[in-house]
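I opened this notebook to record what I looked up in one structure. The entries follow the order in which I made the checks.

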Amino acid sequence: MIELTNLERTRAGVPILTENPQLSEAAREKAGDMFAFNYWAHVSPTGKEPWAFFKQVGYSYVYAGENLARDFTTPENTVTAWMASPSHKENLLNPRYKEIGIAVVDGTLLGSDTTLVVQLFGTRQGQSYTEKKPVIPQAAVSQEEKPPEIPLMENKPVLAQSKGSEIPIINPFTLTQIMGFTALTILLVLFIVDGSLIWKKGVIRLTGRSLAHALFLLGIVMIIILSERGVII
């Protein structure tokens with residue numbers, strides 16, 4: 001997933017990221033916290049923000065960001081979904097970030113078996129970074145949050161905490177599921193009506209069309225089972 005992220009950054013002309021063990025540990029801690037407290041959000045029900053996990057592992061940052069995803073079956077689909085969302089893409093291609101950490105953790109969340117992906121970005125204190133701001137689309141849900149300016153004499157960093165959108169997007173695989181369920185419902189209704197008419201008339205039919213209908217129905221069921229269910233925030 002880090003390679004795919006760096007591939008997108010290379011295509012955009014942005015410096016690639018270096019994996020940082022502390023960020024990966026912070027990502028695992030965040031995933032574990034979501035499972036432990038049974039939530040799916042950037043901020044925990046207790047009010048704990050993503051940046052607390054950076055500090056928890058001793059990562060002192062001047063810039064930090066977080067992308068979340070769940071229930072994707074491949075890294076490619078996860079990164080594609082992030083790139084399709086303006087706010088997640090902004091994080092992924094942000095030239096101010098120097099390092100990255102990733103955690104992919106399985107568990108039970110909100111009563112369902114779930115695979116969580118936590119992607120953290122950071123620039124440590126003392127690291128140089130590119131002072132180039134990306135163009136932020138007007139439709140972007142997430143906006144950069146900046147605290148009040150701090151006097152230079154205090155020697156404290158200015159934090160830029162950018163989070164991904166908290167509105168799950170519908171990806172093409174979810175749309176496939178919806179269409180599949182709709183088609184399956186229609187076919188089942190037709191089969192029930194057809195079977196009812198055959199039963200009333202006492203006519204037994206077994207033709208090639210019946211077999212074709214059965215195979216078509218099986219195909220729709222397989223599409224629903226195998227289709228992607230992932231969402232991002």
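I began with the term that the confidence entries need: pLDDT is the predictor's confidence in each residue, from 0 to 100.

Entry on confidence. I noted that this is a predicted model. I found a mean pLDDT of 76 for the protein, with 63% of its residues at 70 or more.

Entry on the fold. I listed 7 helices and 6 strands. Read from the N terminus, their order is α-β-α-α-β-α-α-β-β-β-α-α-β. I also looked up contacts between residues at least 6 apart in sequence, and 75% of these join residues at least 24 apart.

Entry on burial and surface. Of the 233 residues in the protein, I noted that 40% are buried. The protein exposes about 13400 Å², and I recorded that carbon and sulfur atoms supply 62% of that area.

Entry on Gln-119. I located Gln-119 in strand 4 (residues 112–124). Is Gln-119 buried or exposed? I count Gln-119 as buried because its relative accessibility is 0%. I found that its side chain joins that of Thr-5 through a polar contact of 3.0 Å. Leaving aside residues up to four places away in sequence, I noted that Gln-119 touches Thr-5, Gly-65, Glu-66, Asn-67, Trp-82, Leu-92, Ile-100, Gly-101 and Ile-102.

Definitions and conventions. Residues numbered from 1 in each chain as written. Predicted model: local features only at pLDDT ≥ 70, side-chain atom pairs only at ≥ 80, totals over all residues. Heavy atoms only, no water. Helix = DSSP H or I, 4+ residues; strand = E, 2+ residues; numbered from the N terminus. Buried < 20%, exposed > 50% of the residue type's maximum accessible area, 1.4 Å probe, protein only. Contact = heavy atoms within 4.5 Å. Areas by Shrake-Rupley, 256 points an atom, 1.4 Å probe, with all protein chains shown as cover. Polar contact = N/O pair within 3.5 Å; in protein donor to acceptor, adjacent residues only side chain to side chain.
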